[in-house]
Amino acid sequence: SLEQYGIYQSHPFFSAEARRWLETSVRFGGQARSGRLSAEVTGIGLKTTGRDPYGSGSAPADAPPGAERTGLDPQFDVSTLFLQWDGGGTAPLHASIGRQPIALGTEFLIGKGVYDGYHRDFPQAVFATPRNWFDAARLQLDWSETHFDSVVYRVHPTQDAGGGSDGYVAGLDVSHNFESIQGSYGGGLFFRESPS
């Protein structure tokens with residue numbers, strides 16, 4: 001798949017200088033299935049063309065004046081790489097492990113595993129933020145109209161204020177569908193540890 005964003009901002013971050021840039025992302029890969037077991041692997045290529053207000057193509061903030069601009073080369077990474085077991089009709093259970101997308105509820109707390117642009121190693125496509133994976137183990141259970149979703153994942157360095165990779169999040173999200181209101185309510189309990 002190919003995504004291309006053309007963006008114009010007249011006064012980014014209250015500045016007087018307008019910015020115009022392109023953000024391109026390409027995904028490639030596939031999925032294989034055998035019985036109840038499936039595997040998925042996809043790669044992603046990213047490139048920001050132009051000069052966005054987020055710093056792509058700029059020198060790092062802590063660099064001396066006149067330092068060489070960085071972040072101009074395209075970036076390539078593994079977008080998904082996970083195994084999943086589906087219990088099917090006999091067992092309403094799903095288990096997965098590896099690099100995978102996770103979207104809980106409205107994704108207010110958990111939905112974006114990588115914050116592009118907030119780390120010097122991830123400067124491309126900051127506005128579009130096409131990286132949305134978690135290195136995680138996940139267990140899901142559907143029981144009647146109630147959905148249980150438990151996860152444990154490693155905190156990506158872009159989500160860690162210290163820039164480290166020693167943090168993790170673990171928790172459980174529960175949602176129930178109510179026919180009477182044609183909607184659902186949900187709640188979750190999560191714990192985050194990030195020593196760095």
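Helices (H or I, at least four residues) and strands (E, at least two) are DSSP runs, numbered from the N terminus. With that in hand, here are the views of this predicted model, in which local features need pLDDT of at least 70, side-chain atom pairs count only at pLDDT 80 or more, and totals for chains, interfaces and linings use all residues. Residues are numbered from 1 along each chain as its sequence is written, and side-chain values use heavy atoms, with hydrogens and water left out.

View 1. The C-alpha atoms fill a box of roughly 65 × 35 × 35 Å along the principal axes. Of the 196 residues, 32% count as buried (under 20% relative accessible area, with exposed over 50% and partly exposed in between; 1.4 Å probe, protein chains only).

**View 2. The open sheet.** Nine strands line up in the order E1-E2-E3-E4-E5-E6-E7-E8-E9, with antiparallel pairing; two strands pair if DSSP finds at least two bridges between them. At the edges are strand E1 (2–9) and strand E9 (183–193), each of which pairs on one side only. On average, neighbouring strands of this sheet are turned by 15° against each other, direction ignored; the axes are lines fitted to C-alpha atoms, for helices over the stretch in contact, and angles run from 0 to 180 degrees between N-to-C directions.

**View 3. Strands E5 and E6.** Here strand E5 (residues 93–101) and strand E6 (residues 133–143) run antiparallel, joined by nine bridges. Look for proline 101, whose bridge partner in E6 is tryptophan 133.

**View 4. Valine 78 in strand E4.** Strand E4 (residues 75–86) holds valine 78, which counts as partly exposed because its relative accessibility is 34%. Leaving aside neighbours within four places in sequence, valine 78 is in contact (heavy atoms within 4.5 Å) with Thr42, Gly43, Arg99 and Trp133. Proline 92 is 14 residues away along the chain, and the C-alpha atoms of valine 78 and proline 92 are separated by 29 Å.

**View 5. Threonine 158 in a loop.** Is threonine 158 buried or exposed? At 6% relative accessibility, threonine 158 counts as buried; its place is in the loop between strand E7 (146–154) and strand E8 (168–178). The side chains of threonine 158 and histidine 156 are joined by a polar contact of 2.9 Å. A polar contact is a pair of N or O atoms within 3.5 Å; within protein, one must be able to donate a hydrogen and the other to accept it, and residues adjacent in sequence count only if both atoms are side-chain atoms.
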